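Subject: A structure to look through

Dear colleague,

I am handing over a structure that I would like you to look at alongside these notes. Please open it first, and then read on with the sequence beside you.

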Amino acid sequence: MLTGTSPDAIKPSVDVCHEADPYCEVFQNGQPVVAPVCLHRDPEGAFRVLSPCGVCLERLAADGACVLVAIPQPAALDEVQWITLRAALPHFWMLAFPEELEGW
Ligand SMILES: [Zn+2]
């Protein structure tokens, strides 16, 4: 299990996602991403599960459609629901090139 965070940047457009840190580490170690989860804690200590952004979904695609993605439960935003990347990206643009997709 790897953890990551993202330092605040003065200009928000140059921020990186919190997931980028562990994605890079698994890449350096030659490991696959299996099941990333991103949590936000507010100042009162309550947690929320954050779905991966579109850029992170694209990053995860390299590890295949079976990667599990954490999204919040609709009725409880602090509880994780696991879905496959295939479910999170039903119209992935690379599906137009099936011969180039491994694990999809
Ligand atoms: Zn992201």
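This is a predicted model: local features need pLDDT of at least 70, side-chain atom pairs count only at pLDDT 80 or more; totals for chains, interfaces and linings use all residues.

Residues are numbered from 1 along each chain as its sequence is written.

The chain contains three helices and four strands, where helices (H or I, at least four residues) and strands (E, at least two) are DSSP runs numbered from the N terminus. Read from the N terminus, the order of these elements is α-β-β-α-β-β-α. Along the principal axes, the C-alpha atoms fill a box of roughly 50 × 35 × 25 Å.

Two strands count as paired if DSSP finds at least two bridges between them. Strand β1 (residues 38-41) pairs with strand β2 (residues 47-50) in the antiparallel sense over four bridges, and within this pair R41 stands opposite F47. Their hairpin has five residues between the strands, and G45 there takes a positive phi near 100°. Strands β3 (residues 68-73) and β4 (residues 76-84) are also antiparallel, with six bridges, and a hairpin of two residues joins them. In this second pair, I71 has Q81 of β4 as its bridge partner.

Turning to burial, a residue is called buried if 20 or more other C-beta atoms, placed from the backbone, lie within 10 Å of its own, exposed if 12 or fewer do, and partly exposed in between. By that count, buried residues make up 12% of the 104 residues in the chain.

In helix α2 (residues 54-61), C56, L60 and A61 are buried. Seen down the axis of α2, these residues fall within an arc of 150° (taken from the directions from the helix axis to the C-beta atoms), so they line one face of the helix. On the other side of α2, G54 and V55 are exposed.

Which residues make up the largest nonpolar core? A nonpolar core is a set of buried Ala, Val, Leu, Ile, Met, Phe, Trp, Tyr and Cys residues joined through C-beta atoms within 7 Å, and the largest here has 10 residues: Y23, V33, C56, L60, A61, V67, V69, L85, A88 and L89. Helices α2 and α3 each supply at least two residues of this core, and α2 gives the most, with three.

With best wishes
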